[in-house]
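Hi,

Here is the structure I promised to send over. Have a look at it first, and then read on for what turned up.

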Amino acid sequence: MKVLVTGGAGYIGSHTICELLDHGMEVVSADNFQNAVPETFERIEAITGQKVVNENLDLSEVKACQILFEQHPDITAIIHFAARKAVGESVEKPLVYYRNNLNSTINLLHFGTLAGVKHLVFSSSCTVYGNPGNQPVDEDSPVGNIESPYGYTKMMGEQILRDHIHSHPSFSGISLRYFNPVGAHPSGKLGELPLGKPNNLVPFITETAIGLRPCLEVFGADYDTPDGTPIRDYVHVVDIAKAHVQALLHIQQSDQRERFEVFNLGTGKGMSVLEIIQAFEQATGVALNYRFSPRRAGDVETIYANADKAAQVLKWQPEYSLETMMASAWKWQQHLANQR
Ligand code: UFG
């Protein structure tokens, strides 16, 4: 099986490539390094011993996407990670997000199907559930009331895939709704690499701990949660990566029940921001400098997953503990510091 991984130099894409190669799958990446660096492929090679071909092109451009499939006519499946993903930026530049994230999905489905691709795994997010009332959230929970254009591109991406599959009986797809992927490869050689100031909690924690940032701001201590800080479902990025392998194996089975399926990927455990800080301090022995700040616009109070469906259908279960998530993120941050 030859798999096109879009956004292969990104955080989840790069970890997924390692898992795909580990399972003997052939991989080609398409990444234009808009929010990633080419060195990621050297890191993947250091871990797997294999060189990955990357096509540096903009998938939201029709011609570029067409050429990609002409150059790689033997692709059988696509895992589509490539997207802009900064929630706040998407509120400021909605058209940039809709143009990039939706056009790339449309182009991949169009030219991929013409080229004989049979499957697409879509990188979605728990953000599609908006601000859900009942916890944990399962796949039947309503989607909508989303806080950002970024989130709407994920909801619309799922809909585009669903409709495409409906009109193409030979095509099937899976949408994976990630909760909060964190941590890094156990080798310490691959991890999240935010360019500039991190938006997400764990990279901000590790950059603060190593001294790149003076202080972590905890956005809001007045939520209706046990310690007043928001609750999320943090899941190790390698577990998330492994779910993509399971999704590809499942999707190829001719007895796949539905040709379009949606799965939550989370641990099912809700953790507050303060609990994450504590877990980091315990796992690493490093005291973190933090202070409380006002709430961040668009943050939901609580969301964590019911991921039973992924366990039953994909035979996927997260294996890594919260301690390992924190320790591996820290190992990666230290690895980066040693390289500077
Ligand atoms: N947080 C802080 N300080 C920071 C960064 C984050 O207190 O410097 C808090 C946030 O307020 C939130 C929690 O840490 O309560 C987690 O924030 P992240 O930014 O790490 O993650 P989010 O849950 O906001 O975002 C994630 C994905 C998005 C996705 C969203 C859906 O990163 O892509 O879930 O809920 F859209």
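One term before we start: a cavity here is a set of grid points where a 1.4 Å probe fits but cannot get out, and a residue lines it if it has an atom within 4 Å of such a point. Also keep in mind that this is a predicted model.

With that in hand, the cavity search over the whole structure turned up 1 of 30 Å³ or more. The largest cavity holds about 50 Å³ of space. So which residues line the largest cavity? They are H80, F81, A82, A83, N101, T105, F122, T153 and K154. By type, that lining splits into 4 nonpolar, 4 polar and 1 charged. Two helices, α5 (94-114) and α6 (149-167), each contribute at least two of the lining residues.

Now for the sheet. It is open, has 7 strands, and runs in the order β3-β2-β1-β4-β5-β6-β11 with parallel pairing. At the edges sit β3 (53-55) and β11 (260-265), each pairing on one side only. On average, neighbouring strands are turned by 20° against each other, ignoring direction.

Cheers

Key: Residues are numbered from 1 along each chain as its sequence is written. This is a predicted model: local features need pLDDT of at least 70, side-chain atom pairs count only at pLDDT 80 or more; totals for chains, interfaces and linings use all residues. Side-chain values use heavy atoms; hydrogens and water are left out. Two strands pair if DSSP finds at least two bridges between them. Helices (H or I, at least four residues) and strands (E, at least two) are DSSP runs, numbered from the N terminus. Axes are lines fitted to C-alpha atoms, for helices over the stretch in contact, and angles run from 0 to 180 degrees between N-to-C directions. On a 1 Å grid over the protein atoms alone, a cavity is a set of points where a 1.4 Å probe fits but cannot get out, and a pocket is an open set with protein on both sides within 12 Å along at least five of seven lines; lining residues have an atom within 4 Å of a point. Grid points are joined across faces, edges and corners, and a volume is the space filled by probe spheres set on the points. Ala, Val, Leu, Ile, Met, Phe, Trp, Tyr, Cys and Pro count as nonpolar, Asp, Glu, Lys and Arg as charged, and the others, Gly among them, as polar.
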